Each structure stands twice: as C-alpha cells, then as structure tokens.
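User: I would like a close look at a single part of this model, the place where its chains meet. Please treat it in one connected account.

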Amino acid sequence: AQSVTQLDSQVPVFEEAPVELRCNYSSSVSVYLFWYVQYPNQGLQLLLKYLSGSTLVKGINGFEAEFNKSQTSFHLRKPSVHISDTAEYFCAVSRYGGATNKLIFGTGTLLAVQP
Amino acid sequence: ETGVTQTPRHLVMGMTNKKSLKCEQHLGHNAMYWYKQSAKKPLELMFVYSLEERVENNSVPSRFSPECPNSSHLFLHLHTLQPEDSALYLCASSQDLPGSPTGELFFGEGSRLTVL
C-alpha cells in the first residue's frame, strides 16, 4: 500500500528566509508525485508535479521540489518566502489503481510566514 | 464563472435534516470527485464519477448519497448525519479520466459542514 508522510505539521519561518517542507512516500512501484497548496478559505491548487525526467521540478510562485528515489522523498523548497506564501501544503502520490486515479494525500504542513 | 464552484460555502444542519451540497465545473472536464477534509487527517476520497458514471465508492456510509446528472454538475445529498461528519467537503474535477495517474485535479473552495 502507498502512503505519504509529512513529518512537520507546522513550519514557522520569517519572511525572506528559505524554507523546506518535507515529504516522504512509500511505494513498491513507480509513482507520480505532487504538491498542492491550500490558501486560507480556498480549495487546493496544484503547485508542481513530478511525472518523469528531470528530478528537479519547478512550480508556480518560485517553488521547486526534488525527487529522490533512493530516499523516497519529494521535498518542497523555496529560497525566499513571502507573507503571501502562508498556506497549507499537501504532498500527494499517485498510483495506477483500477478505474480511478488514486491520489493519496499527506496530512499537510502549515507554512506560517512571519514578518 | 470559472473553475469549480461549490455551494453552499457553509452549512449547519441537525442530525435529522436532509441537505445537499452542489458542485459545478466550468472546465469541460470528464471526471468529478468528492473529498472529505478533516483537521489533521489526509484528504479522504469519497466518490468518483467518470463521464457521469460512478466508478468509485470508497466505503462511504449510506447517509452520503452522490448524484451526477451531467458532466458539469455533482451533488452530495446528506441525510441523518453524525457530528463526526462535520468537515470541509471538497469537490474536484479532472480532464483526464480516472485511472490516469498523471492528471491534475482542480478543486473548488469547499463546503464547510457542521452537524449539530
């Protein structure tokens, strides 16, 4: 069975500082990896995804993530955060499962950017 | 209207009430989903519709009843809910049919349900 682990439930950081949100997955087969962001009182939106190819994936709003197969990780990074980046970030993994797209989500990490 | 819209945004209901959540997607997508989001828990996939046909019912109690009258609309009918059903219910759609693992989901803003 697949699972996604986001070890940090909350990450406080000062504005303009770098940040890394951690994500580890477990799977016995090849996976596709996603990061979604949920701003306050909104639904989730796709930040970036890894399907194949280069292990460094760039997304919207200056975020990037690196797929590390040997460490089964897909950590999200941004070199300099803004107040507007305050949101909940969800890592997700996808597998091919029958008739449906089994997108398995982590529990989320709240990024709290302080001035 | 663009994207995925959900109504109502907030709903308070008693355990004996019957209510419905509505979702409409304006993206021309082929699949629609209901997710349940509870605090500190992963998103739970509830139902999946592909081309208006239900393809997944993820062991959801019968007090939740989905309906997909056409490819743009999705409903979640609620009946005799329990307090533990209080959560944010998210609707999503995708261009790719379910079964494609690479497709992107487009979410609505959610309906916040409180069961008293």
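How many residues does the contact take from chain B and from chain A?

Analyst: In this predicted model, the contact takes 24 residues from chain A and 25 residues from chain B. About 2000 Å² of area is buried between the two chains, and carbon and sulfur atoms give 56% of that area. Between chain B and chain A there are zero salt bridges, while three residue pairs are in polar contact.

On the side of chain B that touches chain A, the strands β4 (31-37), β6 (53-57) and β9 (87-94) each supply at least two residues. Of these, β4(B) gives the most, with three residues.

The whole structure holds eleven aromatic pairs over all chains. One of them joins Y36(A) and F107(B), with 5.8 Å centre to centre and 85° between the planes, an edge-to-face arrangement. This pair crosses between chains, from strand β5 (residues 32-38) of chain A to strand β10 (residues 106-107) of chain B. Both Y36(A) and F107(B) are buried.

F107(B) also pairs with F105(A): the ring centres lie 6.3 Å apart and the planes stand at 75°, so this pair is edge-to-face. Here the crossing runs from strand β11 (residues 100-105) of chain A, which holds F105(A), to strand β10 of chain B. F105(A) is buried, as is F107(B). These residues belong to one aromatic cluster, formed by F34(A), Y36(A), F105(A), Y33(B), Y35(B) and F107(B).

Definitions and conventions. Residues numbered from 1 in each chain as written. Chains lettered and ligands numbered in written order. Predicted model: local features only at pLDDT ≥ 70, side-chain atom pairs only at ≥ 80, totals over all residues. Heavy atoms only, no water. Phe/Tyr/Trp six-rings, centres within 6.5 Å; stacked < 30°, edge-to-face > 60°. Helix = DSSP H or I, 4+ residues; strand = E, 2+ residues; numbered from the N terminus. Buried < 20%, exposed > 50% of the residue type's maximum accessible area, 1.4 Å probe, protein only. Contact = heavy atoms within 4.5 Å. Buried area = accessible area lost by both parts, 1.4 Å probe. Salt bridge = Lys/Arg side-chain N within 4 Å of Asp/Glu carboxyl O. Polar contact = N/O pair within 3.5 Å; in protein donor to acceptor, adjacent residues only side chain to side chain.
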